[in-house]
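Subject: Structure for your review

Hello,

Here is the structure I said I would pass on. My notes on the contacts between its chains follow below it.

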Amino acid sequence: MIPTLDDAHATIRRGLLITALALAGVGAVIVMALWMTPTEVRQGLAQKIFYLHAPSAWAGLLAFSLTGITGGLYLWLRDPRLDLFSEASAEVGLVFGVIVLTTGPIWGKPIWGTWWTWDARLTLTLFLFFLFVGYMALRNALSDPAERARFSAVVGILGLLLVPFVHLSVYMFRTLHPQPVLLKPSAPSMDPRMLRTLLTSVGVFTLLYIGFVTTRYGLSLRREARGVADGD
Amino acid sequence: MTTPPPATLPHLQARGIERRFGSARVLRGVDLTVRAGQLHVIAGPNGAGKTTLLRILAGLSRPSAGTVQVFGHGLREHPEHRREMGLLSHQSLLYDDLTPLENLTFAARLYDLPDPETAARAGLERVGLAHRADDPVRRLSRGMIQRVAIARALLHQPRIMLFDEPFTGLDAPSAARVLEVLRGQLAAGAALLVVTHNLAEVWPIASWVSVLVGGRWVIDEPRPDDREAFLTRLHEALGD
Amino acid sequence: MTETLRLAVVLAAKDLRVERRSRTALVSAVVFAALVLVIFNFARDPATVTAKMLAPSVLWVTFTFASMLTFNRAFSLEKENAAIDGLLLSPMPRGALFLGKYLANLAFVGTVQAVTLPLFVLFFNVGLGQALGGLLLTIVLATIGFVAIGTVFSAMVVRTRFADLMLPMLLLPFLVPPVMGAVAVTTRLLSGRPLSEQMAWLRFLGVYDVVFLTICAMVFPAIFDE
């Protein structure tokens, strides 16, 4: 039940390895996007940002879902490692969220003339960002580890449930309130090479999530293992 | 001090209580038995786990391992047995904006006592506060607040009473009052558990003494007759 | 089940009695609501933005923020003198604790809304007329879910040092979907559209309520299950 220092180091090493592979994959995706995928006619070269931007949002959502799910499992099984994973996933998700929210506007402004659009992807990521921040703030405000684990799990579960409602309400808001159509990096039509690049990128970012979270989880395990060595 | 023959189930029994989270171990295998008419004292330095243990025994926390049984029933499986327990803490558990009567009536309703208001008035009579029944608790003196807290704790006639640092910050008359409650409850056949720094106060009426250090008993035995010798051993155990 | 209900009512009644005696949360919330309405009235250029355009948003922003002020009361009341231990030690099931606090919170939020709505009609010169029934239904549907979430979060944040800051931080994301729906329906009702056209959003609010009320009731015991 208490992690050993060796377990922790092994986990960190595995995490770093996966992260390195994934980063190489990101490089490959960039290559694919620039040279092996046709350019979308209307939006031009800038549209290719989409192949990094959308999968980041996906990774953020994945991170958040796992935070919520492992939180729920913690309440049921009370295994502290589930809570450590939940926390790791939240931190990683926060990073992906920040990536999406900063790259979106930075590329959007010069090309489409607007910093922000309330489209489904950006809006949902903004919500996830706030939920992550709330989750981390609550954790930091609680000192008892068992209480922190339980309360974080509650926030994680409720937050996860919120996601479909946010998505649905944004959809209803937009269909029932027609908005001006803004050009933004979006999934263009069916060209199979575009789909191939997109799917590859989703796979790479999933791997990147796994790498980050494994490393972060390993760091938590190491902290726990060291706690045993120093304390008792 | 003779222990009565264990003919019946003990009022309160804990076995193998552990409490840990990750690498932090607060309680490491604690056993405890309290029977009718016994007063079990738990002492120990701060941070040793006394409060955690008390909360587990009261059913307020769940242990990582081990069982707690009230008359042979686990509290989680049989929450109705909570009514056998009472708690007197250094905190009053009262609502300052309500009157003693309102506080006790509320407690009576919580415990589903027949005719709650009558029970509340009777409780106040017993502690001599019937004349202040309608003054918000906020306006009472500390001694009076303590008396209301005692009335509240005893209202549902619990057979197991837990005392959490009951003498902390009390003046002599208030401390004497607590001692009186302890004696009265023992005479009535209740099982008492007292967590305290203040061994001297309860020494004469204690049946069993346990000292918790680092989550384990370092002393766990019937209360000896020689207090001085015991205190010497206690200081050694605490490494003073 | 009936025992849970009985205890919940006993608990809620006690909370209401305490509030009547101390009058802290309710008065602050009502005064706050009135002030927000006043500020909104002056925080616009009457030449370009009519009261009517702004009214639905103002109503719901006011309801939301004023209601949030009442949530922390429920459990900070129990923190004084460790009264919560008295509740947890008693045979009261944790479900009754949730239900009791939830009912008390509904009563407080309902009171705030009951005072705010007439003030809103007065300050913004809004003709309710036909829309009143639909509006009341919308208010009920938009409130049930978020009060449940507020009850759960307030039980947790009261254990932190900055409960009054933490609560909005956690709760506001959860308020966006119901407020979106509520504003959409309110806007249309005030423009004279019939209630029958608002079913999509009303169903949305209803599902939100059922889902969150259920899940909140299910996770609430874990907060006190140390």
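A salt bridge here is a side-chain nitrogen of Lys or Arg within 4 Å of a carboxyl oxygen of Asp or Glu. By that rule Asp225(C) forms a salt bridge with Arg78(A), where the closest N and O atoms are 3.4 Å apart. Please keep in mind that this is a predicted model, and that the distances and areas in this message are computed from it.

Asp225(C) and its partners

Asp225(C) also meets Arg76(B) in a salt bridge, at 3.2 Å from N to O. Asp225(C) sits in the segment after helix H9 (199–224) of chain C, and Arg76(B) in the loop between strand S5 (73–74) and strand S6 (85–89) of chain B, so this pair joins two chains. Asp225(C) is therefore bridged to Arg76(B) across a chain boundary, and to Arg78(A) as well. Over all chains, a search of the whole structure finds 30 salt bridges.

Chain A against chain C

This contact takes 31 residues from chain A and 29 residues from chain C. Chain A and chain C bury about 2,600 Å² between them, and carbon and sulfur atoms account for 83% of it. Three residues, Phe151(A), Leu158(A) and Phe165(A), supply 23% of the area that chain A buries against chain C, more than any other three residues.

The count of salt bridges between chain A and chain C is 2, one of them being the pair of Asp225(C) and Arg78(A). The rule for polar contacts finds 5 residue pairs across this interface, with both residues at pLDDT 80 or more. On the side of chain A that touches chain C, the elements giving two or more residues are helix H4 (120–141) and H5 of chain A. H5(A) gives the most to that side, with 18 residues. By class, the side of chain A that touches chain C has 24 nonpolar, 4 polar and 3 charged residues.

Chain A against chain B

Here 12 residues come from chain A and 7 residues from chain B. The area buried between chain A and chain B is about 860 Å², with 56% of it from carbon and sulfur atoms. Helix H3 (80–112), helix H5 (145–176) and helix H6 (192–230) of chain A are the elements that give two or more residues to the side of chain A that touches chain B. That side divides into 7 nonpolar, 1 polar and 4 charged residues.

A helix pair within chain C

The axes of helix H3 (residues 51–71) and helix H7 (residues 131–157) of chain C come within 10 Å and cross at roughly 35 degrees. The crossing of H3(C) and H7(C) is right-handed. From H3(C), the residues in contact are Trp60(C), Phe63(C), Ser67(C) and Phe71(C). In H7(C) they meet residues including Thr138(C), Ile139(C), Ala142(C), Phe146(C) and Gly150(C). The contact of H3(C) with H7(C) has 7 nonpolar and 4 polar residues, and no charged ones.

Regards

Key
Residues numbered from 1 in each chain as written. Chains lettered and ligands numbered in written order. Predicted model: local features only at pLDDT ≥ 70, side-chain atom pairs only at ≥ 80, totals over all residues. Heavy atoms only, no water. Contact = heavy atoms within 4.5 Å. Buried area = accessible area lost by both parts, 1.4 Å probe. Helix = DSSP H or I, 4+ residues; strand = E, 2+ residues; numbered from the N terminus. Nonpolar A, V, L, I, M, F, W, Y, C, P; charged D, E, K, R; others polar. Axes fitted to C-alpha atoms, helices over the stretch in contact; angles between N-to-C directions. Left-handed = near helix turned anticlockwise from the far one by under 90°. Polar contact = N/O pair within 3.5 Å; in protein donor to acceptor, adjacent residues only side chain to side chain.
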